[in-house]
Amino acid sequence: MTAKQLAKDQGPAIEVRDLWAGYNRHAALEGISFEIEPGCLAGLVGPNGSGKSTLLRVMLGLHRPWRGEVRLFGQKVAQARRLLGYTPQVELVDWTFPVTLFDVVMMGRYGRLGLLRRPGRGDREMAWRCLEQVGMADLADRQIGELSGGQQRRALIARTLAQEPRILLLDEPVTGLDAAAQHDLLHLFDDLRAEGKTLLVATHDLSCVAAGFDHVVCLNRKVIAFGEPRTVFTEEVLNATFERHLLLVNIEGKIYAGHQ
Ligand SMILES: Nc1ncnc2c1ncn2[C@@H]1O[C@H](COP(=O)(O)OP(=O)(O)OP(=O)(O)O)[C@@H](O)[C@H]1O
Ligand SMILES: [Mg+2]
């Protein structure tokens, strides 16, 4: 039995039910519902301000919803924190903090250690493995402030991997990466999926979702559509999701999307 089949017997990895959330009485999410099976690579797409980061933060218990709930492997958010790994949008991190890349990845281990145990050889080996997985082992001693934008993104993903989560929530991990780094990252997503991990990736990159993701949630405060990218990515759905933020070109019946 594959890891994926094994995981499928456990019910949905992510279940979002009639979720409402917002800030200062302004709704950012209205009646969101969807389910993601274990071992799936799912995309969360929508224009700026459509609620992607808010949804991820609610799933993490960092933002309290007004109504509705999220279940992770059947558990409430408060109980499921250890199942989750989260990579925030890179802009939200303080990169002037004087630590090395290796230190940052090791931080991913601390949540698992508890209060009394110090990190051991196994933890350091795991941190190295995660750095290798994102192709950055040679930069381990660099100060994090000296990394490029694309390297910083990969550093955050390595830290998330070091937590050994069953569910990974990644907020715009591919934005700003060059073609080679993007390609490597998509391969990494494939590997993680093959290990039975569940990934929910907020992204503006529709072509990468169309190329290799199992499911996609099109978000614009509400769920505009949910399903396999090849059935969901129609002109109608993309127009409703992105409104004027996306330029759609119809060439001989095929839809091409570009940002304006
Ligand atoms: N801390 C906050 N306080 C008040 N309003 C907020 C806050 N964070 C987000 N918002 C508002 O909530 C809405 C959803 O924002 P959110 O960051 O979830 O969107 P997003 O889809 O992640 O956008 P982007 O693609 O730009 O990252 C926006 O209207 C935004 O202005
Ligand atoms: Mg965001």
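Two strands pair if DSSP finds at least two bridges between them. Helices (H or I, at least four residues) and strands (E, at least two) are DSSP runs, numbered from the N terminus. What you see is a predicted model, in which local features need pLDDT of at least 70 and side-chain atom pairs count only at pLDDT 80 or more, while totals for chains, interfaces and linings use all residues. Residues are numbered from 1 along each chain as its sequence is written, with chains lettered from A and ligands numbered from 1 in the order in which they are written.

View 1. The score here is pLDDT, the predictor's confidence in each residue, from 0 to 100. The protein chain has a mean of 88, and 87% of its residues reach 70 or more. Strand 1 (residues 14-23) comes out highest, at 98, and helix 1 (residues 3-8) lowest, at a mean of 54. Where pLDDT is low, the predicted coordinates should not be read in detail.

**View 2. Strand 8 and its partners.** Strand 7 (residues 167-171) runs parallel to strand 8, and the two pair over five bridges. Strand 3 (residues 41-45) also pairs with strand 8 in the parallel sense, over four bridges. Look for L199: in strand 8 it is the bridge partner of L41, and L168 stands opposite L199 as well. A residue counts as buried if 20 or more other C-beta atoms, placed from the backbone, lie within 10 Å of its own. Five of the five residues of strand 8 (residues 198-202) are buried, so this strand is largely enclosed by the rest of the structure. T198, L200 and A202 point one way, L199 and V201 the other.

View 3. Follow the order 2-1-4-5, with antiparallel pairing. Strand 2 (26-36) and strand 5 (75-76) stand at the edges with a single partner strand each, so one side of each has no neighbour in the sheet. Strands 1 and 2 pair in the antiparallel sense over seven bridges, and one pair to pick out is L19 with its bridge partner I32 in strand 2.

**View 4. Around ligand 1.** The shell takes in residues whose C-beta atom, placed from the backbone, lies within 6 Å of the ligand. Ligand 1 is surrounded by Y23, A28, G46, N48, G49, S50, G51, K52, S53, T54 and Q89. By class, that makes two nonpolar, eight polar and one charged. Helix 2 (residues 52-59) gives the most to this shell, with three residues. This helix is mostly covered, with six of its eight residues buried: K52, T54, L55, L56, V58 and M59. After helix 2 comes G61, with a positive phi near 80°.

**View 5. Contacts around A42.** Residues are in contact if their C-beta atoms, placed from the backbone, lie within 7 Å. Leaving aside neighbours within four places in sequence, A42 is in contact with I36, L199, L200, F213, D214, H215, V216 and V217.

**View 6. V232 in helix 9.** V232 lies in helix 9 (residues 229-232). With 21 C-beta neighbours inside 10 Å, V232 counts as buried. Not counting residues up to four places away in sequence, V232 touches V216, C218, A225, F226, G227 and V237. C218 and V232 are 14 residues apart in sequence and 8.3 Å apart in space, C-alpha to C-alpha.

How values were computed:
Ala, Val, Leu, Ile, Met, Phe, Trp, Tyr, Cys and Pro count as nonpolar, Asp, Glu, Lys and Arg as charged, and the others, Gly among them, as polar. Two residues are in contact if their C-beta atoms, placed from the backbone, lie within 7 Å. A residue is buried if 20 or more other C-beta atoms lie within 10 Å of its own, exposed if 12 or fewer, and partly exposed in between; C-beta atoms are placed from the backbone.
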